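The following paragraphs lead through an assembly of protein chains and a ligand. Please have the sequence and the model at hand while reading.

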Amino acid sequence: MSDKTIISIQNVSKTFVMGDVKVPVLHSVNLEIHEGDFVVIVGPSGSGKSTLLNLIGGLDRPTSGEIWFDSPDQKISGFSDSELTAYRREHVGFVFQFYNLVPTLTATENVQVASELSHEGMPPEEALNLVGLEHRVEHFPSQMSGGEQQRVAIARAIAKNPRVLLCDEPTGALDLSTGRSILGVLHRLNQELGKTVILITHNSAIAEMGTLCVHIGSGTIASKESNPHPVSPEEISW
Amino acid sequence: MKPLNRKLLRELFRAKGMLAAIISIIAAGVLFFVGMASLYYNLETSRRLYYSKCRMADFTVTVKKMPVVELEQLHEIKGVSEFRPRILFPVTVDLPGVERPVSGQILSLPEEPAPIINNIVIRKGSYFTDSLSSEIILNDTFATERDLEPGDQIELILNERKEVFHIVGTALSSEYVYVVGGGGIVPDPANFGIFYIKESLAEDLFNYQEAANQVVGILEEPSRKQPDDVLDRIERKLEPYGVSAVTPLEDQSSHFFLSSEIENLKTVVIILPGIFLTVAAIILNILMLRLVEQQRTIVGTLKAIGYTNREILIHYLKFGGTIGLCGGALGSTLGYLFAEVMTKHVYSKFFAFPKLVNQPYPGVLLTGVVISLLFSLLGSMRGVTKVMALSPAEAMRPKPPVRGRRIWLEKWTGLWKSLTLQTQFSLRGISRNRMRSLAGIFAASMGTMLLMVVLLMYDSMEEMMDFQFTKILVNDFEIGFKDPRGYGAFLETKRMPGVDYAEPMLHIACTLQHEHREKKVTVTGLIPGSRLTIPVNTEGDREPLPTVGLLLSKRLAEILDVGVGDQIWFEPTDREEELKKVPVAGIINSYLGLSAYADIDYLNRIVDYEDAVNSIQLKTVRDPTVEAEFLRQLKNTPVVQSVSSARHDRQLLEETMTGQLMISLSITIVFAGMIFFGSVLNSSLISLSEREQEIATLHVLGYTTREIARMFLQESLILNLVGLLVGLPLGIGLGWLMCVSMGTDLFRIPFVIKPGSILITIVVGTGFTLLAHVPLKRSIDRMDWVSALNVKE
Ligand SMILES: Nc1ncnc2c1ncn2[C@@H]1O[C@H](COP(=O)(O)OP(=O)(O)O)[C@@H](O)[C@H]1O
Ligand SMILES: [Mg+2]
């Protein structure tokens, strides 16, 4: 963990417009994330966590407010579509609840899809090693368990060597022990490679493993706590 | 290989059944395009090469007799580039071992080979030599059919004498690419010979010293396209020598048939591929939409990972592109082979070319691939734009559940409730996927239209043949004399062995004029109540023959702009300046466009003959030995100049046409079937994959796979029925248009709709729809019910 701010969220609001109906989802969210942080964002379902993560990941733009990456260098909230694509390509890795692997590609090939996008990318085998999947590389998603699929998805996310890993309920579809091991992988990537991890969950037990814990409720940040003594994933249970 | 390309290949392979269906429809379209276009170029090129090699004439003028020196006047006419006089006479051939006299034409050629107009191409033997004066060259097709070789002798009856000639060679000429002798429609090379003899010999035989009766010529470039003016001037110059016909190249019989075949190819080359490629594009459109829909999250994920829109777009375009390339390559190859087979085995039978060009045209093959690619990309377009529109954040969100909208039929509760669950399921399926249902209807209607048009053309051709030979021309034989003869000739013929019934006829070639309009026609003089040539209208009813005046066909009356009661000028071709005024006594709405009839006695009177006859039609006893005796006697009657037989023509026509049509009919059924089969299979497989969960539930509830399959079948049959209802009138309309456009001044094609054709169309359409359910049923049987129930979305 360093003192260098990697993501700065300033007064961000997001309102979805569906026809005539406006759905306000985020109101004046402020958040500073430092390089090497393990941020856990906790909140009930529908509170706007994914929306916030999508904004950070450059999948969407805020209605108002600013988001800076490596601030004050890049104001991603003001990026054009192609700038956002380049940003996603270079700096962020996504991990989703349902893994979102390409079913017709093997583990290695799924990772390759991402690794070949980046010049600093690592060989798919290396990424799969990092997540502890060296022996199932030729399997298709349908031949793997949920935990294994999520490991492939994490390998895919880190294969580009991004600075930030954005994980949207990565354990949401997994049982306790598998979930724990996935969290263990993310923890190790954070500790050993110094990746900034932002993980969202509706499960407050997971919050204890973060260096920064953000509670979100109906579109606003209810509380933020730094946690100088995060617990290791093995000790978490739900 | 890039992982995305690997994904592409695996997904293409997985969907191979559906893709095979689309690819074969595309390939069919390209096959027709490449096949017809190659045939077009093969014929076009062959014709061009042949015409320039033989120096094909731009015009032919036939006169009674004129001194060759007088032709010099033609040089004064601007636009005439070159010309050649020649002597042409009809002859009959006495072939040993052949019962009937065979007709033919004799033509004069220079003693020495030279690059003359309407030259010949030697096939066997040689050109004339100095050794004998009675040397003859005959046309190669006739020689082949009749087993005649250089060195053989042949006996021709000309000028009422039998003459022996020595064959030195066989040849072909661009004038006779398509040889129809004696007014037939199909070439009958065995029964029509073309004979070339030395000019000096022709002059002696026909008493035409330094004279000719035909001029063939070439026009200067600007006049070629608009030859009418020049030809008018030529006609006026040669008027004193009794011009009987001025024929521009356009109306030359061989050229006319060859050109209409080439023109027909041009129409077909657009219509058929158009139908197939449009259907394929629409099916592909649906398949791609479905694919992109299924890969929503993959698209979103790829975008989230950092793939640009362009990269993703290209990835999905590759689907359509691959299909297009496969269909294009397959279709181009097959199309080329099709053209080759047609050229070698069909066209070479109909058209006599010394060399029928048969080659691949890189431009055509490439165009085939390109249009296939184009239609495929077009078909992928909607799916691809959907990919573009999808925002990554949106794609990640679970898809909103399909609106469980009630369909309009459900508003009639009573009616709806009375339907079985299966029918309700089918009807919902149809109305929920409007686009797909419309595509199914479209494909079915195109398949229907295609079948209907071909069947209607078949019916109409058959009707035309039938009409021609059972209503208009019902003779067994028609005998033509060189010059008009007295009534005695008729009586003599009637007494010949085997003759059952005979009728005298008088054909007078003439010009009919009304105000400033004129037309060269032949007036046919018949006896009242004639039974072998009958003036019938389109209804098939006999039109009474007026005792005074002419009975004109409707088309001819239109050309001359006359009505019943009008007086027109009548000028016999072989007698200049002998104009007579005759009344139009009737107009007959006939399929034969340019016919004119008169009572034989009346016709005799206006040309100042007395009971003259120049043609006799007859029915013979149906006994081969008696008939053979009749023909043998006929062969020994030198005054007979031509013998034709409507009965024989009919047989020949039926054999050729029926074979041809059966082949094209079966091809059409196969290809139309492909449209039905492909579109039904495709849409029901998609429907199946979309409703897996729904039908898995039904299965668990106790429905058998057979019952489930029946719901899909019902859905396809309903769409098929609507498609049939739309396609039938479309096909009928198109068939009618084609009949009208294929008709000419000489004949119109009757348009008939036989119930049998409608029935065949319905049976074929429904049959292929049923067939497409075999693979669907298998998919249902093989379905993994458990995983279908546990889909997460
Ligand atoms: N694209 C969208 N259009 C409209 N409403 C949306 C959209 N995305 C999210 N929402 C709404 O915003 C709210 C927050 O959604 P989300 O960020 O997914 O919540 P969480 O991830 O915390 O469960 C929900 O009520 C959701 O329906
Ligand atoms: Mg969420």
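Ligand 1 lies between chains A and B. The model is a predicted one, in which local features need pLDDT of at least 70, side-chain atom pairs count only at pLDDT 80 or more, and totals for chains, interfaces and linings use all residues. Residues are numbered from 1 along each chain as its sequence is written, chains are lettered from A and ligands numbered from 1 in the order in which they are written, and side-chain values use heavy atoms, with hydrogens and water left out.

The surroundings of ligand 1 comprise 13 residues, of which the closest are G46(A), G48(A), K49(A), S50(A) and T51(A); a residue is counted here if one of its heavy atoms lies within 4 Å of the ligand. Several polar approaches can be located individually. A polar side-chain atom of S50(A) is 2.7 Å from an oxygen atom of ligand 1. The backbone also takes part: a polar backbone atom of G48(A) lies 3.0 Å from an oxygen atom of the ligand, and for S47(A) a backbone N or O atom is 3.2 Å from a ligand oxygen.

The interface between the two chains comes next. Chain A and chain B each bring 24 residues to their contact, where contact means heavy atoms within 4.5 Å. About 2100 Å² is buried between chain A and chain B, with carbon and sulfur atoms giving 62% of this area; buried area is the accessible area (1.4 Å probe) that two parts lose on being put together, summed over both. L59(A), T104(A) and V113(A) supply 24% of the area that chain A buries against chain B, more than any other three residues.

Between chain A and chain B there are 10 residue pairs in polar contact, both residues being at pLDDT 80 or more. A polar contact is a pair of N or O atoms within 3.5 Å; within protein, one must be able to donate a hydrogen and the other to accept it, and residues adjacent in sequence count only if both atoms are side-chain atoms. The count of salt bridges between the chains is four, a salt bridge being a side-chain nitrogen of Lys or Arg within 4 Å of a carboxyl oxygen of Asp or Glu. The side chains of E116(A) and K2(B) form a salt bridge, at 4.0 Å from N to O. On the side of chain A that touches chain B, the elements giving two or more residues are α2 (81-91) and α3 (107-115) of chain A; helices (H or I, at least four residues) and strands (E, at least two) are DSSP runs, numbered from the N terminus. Of the elements, α3(A) gives the most to this side, with four residues.

Over all chains the count comes to 44 salt bridges. One of chain B joins the side chains of E76(B) and K237(B), at 3.5 Å from N to O. This pair links distant parts of the chain, 161 residues apart: E76(B) is in the loop between β1 (59-67) and β2 (80-86) of chain B, and K237(B) is in helix α6 (residues 228-238) of chain B.
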